[in-house]
Amino acid sequence: MNNKTLAQVLLPLASCLLSLNGLAQNPIVQTWFTTDPAPMVHDGTMYVYTGHDEDGADFFWMQEWRVYSSQDMVNWTDHGSPLALESFSWADDRAWASQTIERNGKFYWYICAHSKITNGMAIGVAVSDSPTGPFHDAIGKPLYEDGKWDHIDPTVMIDDDGQAWLMWGNPRVYYLKLNPDMISYDGQVGTLPMTEESFGSPAMSEREKGKKYKDSYVEGPWLMKAPRSTSHTSQNKYYLLYAAGGVPEHIAYSSAPTPTGPWTYVGEIMPLCNTNSFTNHCGVADFKGHSYFFYHTGKLPKGGGFGRSMAVEEFQYNPDGTFPTIMPTDQGVKPIGTLNPYTRIQAETMAFSRGIKTEQNDAVGVYVTEIHHGDYIKLQAVDFGQKTPRTLSARVASGLRGGQIELHADSLNGTLLARIEVPATGGWENWQTLTAELNSVPTGIHDIYFAFTGRKGPKLFNFDWWEMKE
């Protein structure tokens, strides 16, 4: 086979692979492993609070929590890690699942972690004036602990009457009535009865040997109100979603007339699927007239049961208010808005990426790093309108040899809009703003790709932000 024939064979194949990759939006963050997603809508923005599996982990050795946000559900901004084990003087390991909620202008982040006080798992709470932090320990001690190991995966909800409820637990569900200050509670901790009627099976110690049960609660509860206009009965207006069935886990749910019950098992939401993760953890939120189901998989390169990443699917409730069956996809969700390129865009805002990582410091916040030849960042639904952008500027830093930033429209091999030559700037955090003329002026809505090129092998440069100007 001559070279021309070989090229004719390989190029269409490469184009096909790029096209397939271009369709992928799940997992929605590729720079880090992001676990146990907990969505929260505030002021026209979807925020998701996650855990973080360490690269190469062989257990749930988790050290921090992270925050991401989007206004269009496809381009996500990385806000770094505003909360970590070091934020809690009493915690020393296992920064597991969490959830954040807003009340009276403050944001309360309920976490679980291993306590050095009792040597068990404990529930804690951090607070901030901003959804992206900085957060700090609200009370300087665990909100609840008693030395046991089952105090994990807190979920929180504020009811219509203003009463806030906190639930958590594996293999049973604990609950507390929070006081209006959100950092203390009223009364004693309670537990939900674990019965076949309520969760598909009784507690493990109460099960009949050899009997096949329809389901079983495991962990990861998510407490929510049923949709107002379509609740399947007026009596069952609360839903509790949870990881179910043992290992591997699927997602199921129960309903009840009150947060404390009596709960009735409804069925599965996300059945067992080939997600490459033996755990699952879900969160649900409505945003701009759409309903979204967040979960995690092990589908990133080098991912798996201890390398999990959040994903999202759009869904519609059934006419009676119950959940449909929701299956995981690689495609994820469609944009519900557009990105304006005529404002400064943080480089850590992206719809998809390959190869890169993010870091943060006090001087510049979060930025893109570990950029190598062949890596790229994709942004989706960028609206150029009918304007005539003339320049592309980027803030970059390089400690060694630099490289190039190529901006392409619609695909990695699409129209070349601009190329910025990045020199060595004298240090990995010695930032310079570089500007290049646009070779082509797009109009309307396009996906765009920042493709990074340079010497193969070593790290090329860091990338802080970009903007276009007319």
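Reader: Which residue forms a salt bridge with R94?

Author: Good place to start, and keep in mind that this is a predicted model. The partner of R94 is D93, and the closest N and O atoms of the pair are 3.6 Å apart.

Reader: Are these two residues buried or exposed?

Author: The general idea is a cut-off: a residue is called buried when its relative accessible area is under 20%. R94 has a relative accessible area of 16%, so R94 is buried. D93 comes out at 15%, so D93 is buried as well.

Reader: How many salt bridges are there by this rule?

Author: The count comes to 14. Let me take you through some of them. D150 and R172 meet through their side chains in a salt bridge, at 3.6 Å from N to O.

Reader: What is the relative accessible area of D150, and what is that of R172?

Author: D150 is buried, with a value of 8%, whereas R172 is partly exposed, with a value of 37%.

Reader: Which residue forms a salt bridge with E196?

Author: That is K211, with the closest N and O atoms 3.2 Å apart. Here too the pair links distant parts of the chain: E196 belongs to helix α2 (residues 196-199), K211 lies in the loop between α2 and β15 (217-225), and the two are 15 residues apart. Both ends are partly exposed, E196 with a relative accessible area of 31% and K211 with 36%.

Reader: Let us turn to strands. What is the order of the strands in the open sheet of 3 strands?

Author: First the general idea: strands of a sheet pair through backbone hydrogen bonds, and they do so either parallel or antiparallel. In this sheet the order is β19-β20-β21, and the pairing is antiparallel. β19 and β21 stand at the edges with a single partner strand each, so one side of each has no neighbour in the sheet. On average, neighbouring strands of this sheet are turned by 30 degrees against each other, with direction ignored.

Reader: How many bridges join β19 to β20, and how many join β20 to β21?

Author: Strand β19 (residues 283-287) is joined to β20 by 5 bridges. Between β20 and strand β21 (residues 309-315) there are 7 bridges. To find your way along the pairs, look for V284, which stands opposite F293 in β20. On the other side, Y292 stands opposite E314 in β21, and T297 stands opposite S309 in β21.

Reader: How many residues of β20 are buried?

Author: Strand β20 (residues 290-297) is mostly covered, with 7 of its 8 residues buried.

Reader: Which residue takes a positive phi in the hairpin of β19 and β20?

Author: It is K288, with phi near 55 degrees, in a hairpin that has 2 residues between the strands. K288 has this positive phi although it is not a glycine. With a relative accessible area of 47%, K288 is partly exposed.

Reader: Where is E370, and what is its phi?

Author: E370 is in the loop between β26 (365-369) and β27 (376-383). Its phi is positive, about 55 degrees, although E370 is not a glycine. At 33% relative accessibility, E370 counts as partly exposed.

Reader: Which peptide bonds are cis?

Author: Two to inspect are the bond from G133 to P134, with omega near 10 degrees, and the bond from N170 to P171, also with omega near 10 degrees. P134 is found in the loop between β9 (121-128) and β10, and P171 in the loop between β12 and β13.

Reader: One more, please. Which side chain does T322 meet in a polar contact of 2.6 Å?

Author: The side chain of D320. T322 lies in the loop between β21 and β22 (345-346), and T322 is buried, with a relative accessible area of 11%.

Note on methods
Residues numbered from 1 in each chain as written. Predicted model: local features only at pLDDT ≥ 70, side-chain atom pairs only at ≥ 80, totals over all residues. Heavy atoms only, no water. Buried < 20%, exposed > 50% of the residue type's maximum accessible area, 1.4 Å probe, protein only. Helix = DSSP H or I, 4+ residues; strand = E, 2+ residues; numbered from the N terminus. Pairing = 2+ DSSP bridges. Axes fitted to C-alpha atoms, helices over the stretch in contact; angles between N-to-C directions. Salt bridge = Lys/Arg side-chain N within 4 Å of Asp/Glu carboxyl O. Polar contact = N/O pair within 3.5 Å; in protein donor to acceptor, adjacent residues only side chain to side chain.
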